[in-house]
Amino acid sequence: MATTEVELPGSERRRVSPRVAEGAERARLWEQAVAVYKPYAAYATYTERKIPVVVLEPADATPTE
């Protein structure tokens, strides 16, 4: 699995492993994203594709699904 680095507030950096959420997990996370930023719901209507939801997990953690 590929890893990358993200910078958090306060200039803290962490190594993470990205993965695309699927199924019920994606639906739950998409609802949370729309609750935080309502324009995502409208944006999703502009395309036929399913907009991916990417989960960033600590690079040293075992993925959870």
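The side chain of Arg-19 reaches the side chain of Glu-57 in a polar contact of 3.1 Å. That's a handy way into this predicted model, since Arg-19 belongs to strand E2 (residues 12-20). Strand E2 takes part in an open sheet of three strands, ordered E1-E2-E3 with antiparallel pairing.

- Is Arg-19 buried or exposed? Arg-19 is buried, because its relative accessibility is 12% and the cut-off for buried is under 20%.

- Which strands sit at the edges? E1 and E3 do, each pairing on one side only.
- Neighbouring strands are turned by 50 degrees against each other on average, if you ignore direction.
- As a general point, strands of a sheet pair through backbone hydrogen bonds, either parallel or antiparallel.

**E1 with E2**

- Strand E1 covers residues 4-8 and pairs with E2 in the antiparallel sense, over five bridges.
- Thr-4 has Val-16 in E2 as its bridge partner.
- Val-6 has Arg-14 in E2 as its bridge partner.
- The hairpin of E1 and E2 has three residues between the strands, and Gly-10 there takes a positive phi near 85 degrees.

**E2 with E3**

- E2 and E3 run antiparallel too, joined by five bridges.
- Strand E3 spans residues 54-58, and Val-54 is in it.
- Pro-18 stands opposite Leu-56 in E3.

**Salt bridges**

- How many salt bridges are there? The count comes to five.
- Glu-5 and Arg-13 form one of them, their closest N and O atoms being 3.0 Å apart.
- Glu-5 is partly exposed, because its relative accessible area is 40%, which lies between the 20% and 50% cut-offs.
- Arg-13 counts as exposed because its relative accessibility is 53%, and exposed means over 50%.
- Glu-5 and Arg-13 also belong to a network of salt bridges that takes in Glu-7.
- Arg-14, the bridge partner of Val-6, forms a salt bridge with Glu-12, with the closest N and O atoms 2.9 Å apart.
- Both residues of that pair are partly exposed: Arg-14 has a relative accessible area of 45%, and Glu-12 is at 37% relative accessibility.

**A nonpolar patch on the surface**

- Which residues form the nonpolar patch on the surface? Val-20, Val-54 and Leu-56 do, with about 260 Å² of accessible area together.

Conventions. Residues are numbered from 1 along each chain as its sequence is written. This is a predicted model: local features need pLDDT of at least 70, side-chain atom pairs count only at pLDDT 80 or more; totals for chains, interfaces and linings use all residues. Side-chain values use heavy atoms; hydrogens and water are left out. Patches are made of residues with over 30% relative accessible area and no salt bridge: like charges are joined within 9 Å, nonpolar side chains (Val, Leu, Ile, Met, Phe, Trp, Tyr) within 5 Å. Accessible areas come from the Shrake-Rupley method with a 1.4 Å probe; for residues, only the protein chains shown count as cover. A salt bridge is a side-chain nitrogen of Lys or Arg within 4 Å of a carboxyl oxygen of Asp or Glu. Helices (H or I, at least four residues) and strands (E, at least two) are DSSP runs, numbered from the N terminus. Buried means under 20% relative accessible area, exposed over 50%, partly exposed in between (1.4 Å probe, protein chains only). A polar contact is a pair of N or O atoms within 3.5 Å; within protein, one must be able to donate a hydrogen and the other to accept it, and residues adjacent in sequence count only if both atoms are side-chain atoms. Two strands pair if DSSP finds at least two bridges between them. Axes are lines fitted to C-alpha atoms, for helices over the stretch in contact, and angles run from 0 to 180 degrees between N-to-C directions.
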